[in-house]
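Here are a few friendly notes to read alongside the model. Have it open as you go through the points.

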Amino acid sequence: MTKTNITRRGMLKGGAAMTALGAVGINPRFVRPAHASALASGMTGGPTGFPGAERFQYNESHSEGRAIEAMKKMVAEGRAPAKITMLLTDGAIGQITQPFPSGPSVKEVWEAETGVEIEIVGAPAGDIWKRVLQDVTTQSGAFDIYTHPWNSLGDLVEAGGAMNLNDFVATHQPDWADEERGTPTAQTAELLYKYGGDYYGASLDGDFQTLVYNKSYFEDSAHAKPFEDEYGRLLAPPSTWEESDQISAFFTGRTGLGGSKIYGNGNDMAPFWGLPRFYARFAAQAVPNMYWFDEEGRPNLDTDQAIKAASEYVKSREWAHPDALSWTYAEGYAGIGSGQTPHLTTYTNVTKFVDRMNADGSPASAAAGQLSAYIPPGVNHDGDLVRRSVIYYNITGTVSSNSANPEAAYLFLQWLSSTRVYSWMAGNPAGYFDPFQKANFSEQFVEEAYHPYMMDTIRETIARSAPTINFAGQTAFDSALDEELQAALTGQKSPEDAMRAAQRKWERVIKRKGEEKMIPAIQASRAAWPTLVEKG
Amino acid sequence: MTGLLLRTLAVAFFAALALLPISWMASMAFKPAAEWTSAAGGLTFLPKDPTLNNFRYVFTGNSPDQMVGLDRTVWRPLYASLLTAISGTLIAVICGTAAAYAVSRERVHESIGLSLLQLRIFPPLAVMIPVMIMWSFLGMIDTWWGLALIYGIVTLPFSYWLMKAYFDELPREIEEAAIVEGCTPFEAFRQITLPIVASAVASTALFIFILNWSDYLIALLLTRKDWTTIPVYMNALATAASGQLYGAKAALGLLAAVPPIILGISIQRFLVRGLTFGALKQ
């Protein structure tokens, strides 16, 4: 006689699967033929109901279609959950839940095609990593999918919170690195989706820090002429940080839009948010790169180049608004939107939110219609121009190692991050998932939201972007550096003392984490750095 | 005369200083988005173009000066805050009053007071991490009863110690007289003692309600979505386009002050007596 053990979890899972199956089979909302008739020929899924929807539709030969078919198979076999729970930054929820441009939302399309509900739990961008750690610590399995900064990926893997996705990737074949539609380079795919050579994350963002400037200021003879007189060159987007600082110094105190006082440096310099500005200066200090660590894994913070970058960064505060030390990215956006700043380096969605018209036809900001963008500035090393930006924050989805339904969670993540659905989502102005895939840049909705001038600029910026830290210990490394830079910015320490102190802190982090583990991770991260050097 | 003037000026100065953040919040609540920070232009104390859009935004999720609608409005967090703060207060006041009465009258297990105090000795976060693990194991994360229970537990020491001070001051001869007249000890407590200390119970309840109502840390750690309270919801008020929604947060801050004020006014007649109860030794 066979004894059958019926557990509470087993019953709940069975019930959930039956509910999902019933929903697909019975609920008129999920009846396939009506939906199928609105799809383009040969397509089996995707959004419908607005002009251009066919660009985001798919079939079984596409990454999204494979995810949907696999999910439907799980539902049919009773292996699917009724619900997948996702922890997501508040500011991105709208791109999944709000219809764009009309018709169903991203969430509704998934739910209609699979019958599996998506529950989104929001958290502020600055708090989301704490919420992830809280869930990992309690092992509650409350979330199937975490989203968090890409920088935290190593810490999450080391903490055992992220599931290794190698098997799922091999089985379901996402198009993340597709040569025509995926990441701009194979190197970028390695950077965004893998940690330590294994798949762990799915990128849902393109946080490559990009230079945006007020074109009307640069073209205005009232500014251009005196600039040329003073510096002996045309007032143009900067090629180097030296030129960038000259522009900041020149504009500070001048009168801008609506009679506003201009502060030449519009960069946010608050703790956490200001860190990528320093990293970008630092990375360009050597040919082809000034790495955060040397080849032996020793921090480079006490080098002459790092101290020079820190000194320049601290000096740039002279041309920033007095409140800049408390500003986040949003105040940076407001600053260039109001005409208070002529240029800044920031997240690419600045143009989506600032350079636009309201529904009633009025401009959304004083600077609407006047912005443009340019590739990042750098440092000229005797004719070798090293322009560098950095990737920083970049929302990344991972499957929780405590998820009761990891494959289902992965399938939703694959579907969401594949190039068709992601292109549709990136064009939606209701959130800050930014374009980074090749397919995104040729997408009409993305171009309309971000503007044509951003398309090439973002691509070129990605090609020049260095990875900030994302291996285990990142939180400790970044916090230590941030603390010392803030001490320098507020005059408590000289830049040199701050960098030497940060160096000691980084060395302690490496020792604490274990050199045998840290040094290979540091050395591996160097492979993801760009090598592009121009003749200046 | 000069002394009075100086005293008045000093009081006015310190009152203005204390009220500055509140008045700034009140002013911010009526400012349009363009006046929230210095980044968008000049920052003024009073709104240049007063608006009710911030209140509309938190209640409806939409505002004419916001590009992105809110995913959630304030209604559900408001309900969650009221339910959990009131339930937690009831737990703390009932248990605390009963325990304080028993210890005060029977003089047994007096160490219970110190045991309860342990909850307040450690930094809140140190206590909350094991609580979080226990609540997760018990399936009480993001439930109203889970949050109400922990509110009741962490405010129990206040309830116990405040009520014990009141009971200690109350002559036990009054209850003994009632017992002589035929009351049971419980009837003596319910019919004689409790009405006498009603003002003390009211002031204790108000104090505990305010603690529960304004809690952020516990609600942040023990709720996720369904039962997030107003302070947690307030922290989450941010959009991609605008960053922190300072105006909406200020509007919500003003609204959040309303329930404690209403409660305070409704039990005002008990409060003055309650706050001075036991102030004088017999």
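1. In chain A, 74% of the contacts with a separation of 6 or more join residues 24 or more positions apart; contact means heavy atoms within 4.5 Å. Do keep in mind that this is a predicted model, where local features need pLDDT of at least 70, side-chain atom pairs count only at pLDDT 80 or more, and totals for chains, interfaces and linings use all residues. Residues are numbered from 1 along each chain as its sequence is written, chains are lettered from A in the order in which they are written, and side-chain values use heavy atoms, with hydrogens and water left out.

2. Chain A has 24 helices and 15 strands, taken as DSSP runs (helices: H or I, at least four residues; strands: E, at least two) and numbered from the N terminus. Its radius of gyration is 24 Å, close to the 24 Å from the globule rule for 536 residues, so chain A is as compact as a globular protein of that length. That radius is taken over C-alpha atoms, and the rule is 2.2 Å times the number of residues to the power 0.38.

3. Of the 536 residues in chain A, 61% are buried, that is, under 20% relative accessible area with a 1.4 Å probe, protein chains only.

4. Now to chain B: helix α2 (residues 53-60) has N53(B), N54(B), F55(B), Y57(B) and V58(B) buried. Among the elements covering these residues of α2(B) are α1 (2-29), α11 (230-235), β1 (238-239) and α12 (246-256) of chain B. After α2(B) comes G61(B), with a positive phi near 85°.

Conventions
Buried means under 20% relative accessible area, exposed over 50%, partly exposed in between (1.4 Å probe, protein chains only).
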